[in-house]
Amino acid sequence: MIVESFIKSSLIPALFLSLLCLATGPLKGFTRDLFQGLLFAGALSFGIYMIRGGMGQFELGGMESLFYLPPILLLSVIFTGRFGLGFVPRLAVVSGLVLVLSHPLFPSLDLSSFSLGDVHLRVAVAFILLTWALWSMGERHFAEEGRWVSWTVGCLVAWGAAALFFLFESSALMSQLFGLFATVSGMILAVSFLFGWKVSARAASAYLMALPILCLAAGAFYMEVSSLRLVAFCLPFLVALFRLPVSYGRLKVLREIIVMGLLSALVVGWLVYQAYKASSGSLY
Amino acid sequence: MIKAFAFLLAVAFVSPSSFAKPEKYTLDPAHSSVVFKIDHLGFSYVYGTFEDISGTVMIDEKNPSKSSMNITIKAASIDTNVKKRDEHLRSPDFFNVKQFPNITFKSDSVRKLKGNKYEVTGTFSLHGKSQKMTVPFERHRTGKDPWGKIRTGGSADFTIKRSEYGMNYMLGKDQVGDVVHVFLSFEAVKD
């Protein structure tokens with residue numbers, strides 16, 4: 001059952017997405033952003049649809065909004081690609097999405113004494129800033145020669161670790177969701193390793209970085225998990241940032257994948273190990 | 001004659017039933033339970049309870065159809081005797097307790113059947129979805145408790161389908177059952 005579910009919800013969409021990204025790779029500029037944005041949105045929406053076993057529940061706000069994050073992000077990919085809008089519109093998109101995600105928790109907030117002391121508000125602001133910053137950085141670094149390796153490895157390790165973490169933290173839904181992101185990242189990495197980077201930086205940063213971080217925010221809002229532990233899953237991107245000053249000249253892709261993978265795994269492995277130790281194993 | 005009339009008037013004033021007004025009872029959480037059982041992979045049933053239950057019951061002894069009940073259960077108080085499983089049940093896979101903290105039942109009508117049996121129709125809300133349902137209800141003793149307060153009690157056994165409330169995780173053949181058997185038993189103290 002688990003294997004079948006993984007094949008349907010993660011492997012098939014990831015495989016089709018990477019092959020179609022390869023096929024549309026030679027396109028240039030906005031056309032490539034548009035086509036690959038569509039491919040990412042389609043593949044990830046399909047994967048999420050399979051994970052939830054049909055869209056029986058579809059409401060504005062809360063966990064259900066995870067369903068329509070991919071199409072909304074597609075709009076932002078198109079707008080930023082077409083009109084060259086960047087930093088500020090991205091902040092607006094991220095703030096709007098975090099508000100939609102956290103909307104059902106508003107009644108538990110004392111909005112009359114609006115202050116940053118409220119836990120949900122602090123978590124919301126933290127995830128808005130994190131998604132905004134990493135989305136913007138990702139968009140720049142995925143586009144730069146050679147750097148896509150460290151950033152894609154970062155995505156693979158971060159989301160793979162998050163999938164294991166959520167498995168030990170008792171949420172099959174979140175675990176499968178991050179399993180999907182990790183599989184897509186891994187497949188994009190594998191195809192790019194073999195044929196070279198042919199993915200739109202705008203699409204990759206929106207779907208491999210912003211979308212999973214928004215899902216981490218959903219985990220912080222709707223599960224009894226410390227938001228600090230969830231933010232820590234983005235540490236592989238900090239490793240990739242530290243990697244920046246070191247020369248990318250004569251880059252050996254495989255060596256880069258292994259070194260960055262090991263470094264990133266060391267950073268987040270501890271978190272997964274702690275979750276494993278605290279749990280009585282995987283889901284009963 | 002005047003004395004007799006005054007006596008009757010006095011009795012009429014002090015008799016609680018003379019007004020036929022519903023009387024408010026508040027649920028006693030220490031003596032109220034919600035127990036459920038659900039099929040596990042077709043092998044057996046898993047039993048669980050909700051620890052946090054509250055609510056009010058309005059009872060009209062003369063005219064039971066004017067009675068009503070309003071019960072709230074905190075979804076996060078689920079207890080199946082396995083900590084790990086309880087965490088999973090609270091997560092977005094099942095109850096999603098942060099988004100949907102309460103399970104409620106609010107009655108619309110009460111119909112008296114034979115003896116101490118009743119039929120209570122109302123709205124049951126779970127996991128953000130509401131459904132009309134009719135629950136067979138049995139009234140137990142009403143009277144003074146050892147602490148001098150008027151106490152009443154009742155119980156109900158009924159089933160719900162979790163799929164009707166959008167709780168679809170692990171639903172399918174030989175997985176976690178769709179039908180949940182619920183056993184509610186409560187005591188309530190008159191305000």
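# Rings, charges and a tucked-away serine

A:Arg90 lies over the face of A:Trp135, with 5.9 Å to the ring centre. Keep in mind that this is a predicted model. Aromatic pairs come up a lot here: there are 20 of them over all chains.

**Charges over rings**
- Chain B has a case too: the charged end of B:Lys37 sits over the ring of B:Tyr45, 4.0 Å from its centre.

**Aromatic pairs**
- Take A:Trp159 and A:Phe178: their ring centres are 5.9 Å apart and the planes meet at 50°, so this pair counts as tilted.
- That pair links distant parts of the chain, with A:Trp159 in helix 6 (residues 147-168) and A:Phe178 in helix 7 (residues 172-195), 19 residues apart.
- A:Trp159 counts as buried because its relative accessibility is 0%, and A:Phe178 is buried as well, with a relative accessible area of 0%.
- A:Phe168 and A:Tyr276 make an edge-to-face pair, because their planes are at 65° with the ring centres 5.1 Å apart.
- Here A:Phe168 in helix 6 is linked to A:Tyr276 in helix 11, 108 residues apart.
- A:Phe168 is buried at 11% relative accessibility, whereas A:Tyr276 is partly exposed at 45%.
- Ring pairs also tie residues into a cluster, whose members include A:Trp151, A:Trp159, A:Phe178 and A:Phe237.

**A:Ser264**
- This serine is found in helix 11 (residues 253-278) of chain A and counts as buried, at 0% relative accessibility.
- The side chain of A:Ser264 reaches back to the backbone oxygen of A:Met260 at 2.7 Å.
- Leaving aside residues up to four places away in sequence, A:Ser264 touches A:Val157, A:Pro236 and A:Val239.

Note on methods. Residues are numbered from 1 along each chain as its sequence is written. Chains are lettered from A and ligands numbered from 1 in the order in which they are written. This is a predicted model: local features need pLDDT of at least 70, side-chain atom pairs count only at pLDDT 80 or more; totals for chains, interfaces and linings use all residues. Side-chain values use heavy atoms; hydrogens and water are left out. Helices (H or I, at least four residues) and strands (E, at least two) are DSSP runs, numbered from the N terminus. Buried means under 20% relative accessible area, exposed over 50%, partly exposed in between (1.4 Å probe, protein chains only). A polar contact is a pair of N or O atoms within 3.5 Å; within protein, one must be able to donate a hydrogen and the other to accept it, and residues adjacent in sequence count only if both atoms are side-chain atoms. Contact means heavy atoms within 4.5 Å. Rings of Phe, Tyr and Trp (its six-membered ring) pair if their centres lie within 6.5 Å; planes under 30 degrees apart count as stacked, over 60 as edge-to-face and the rest as tilted. A charge sits over a ring if NZ of Lys or CZ of Arg is within 6 Å of the ring centre and within 35 degrees of the ring normal.
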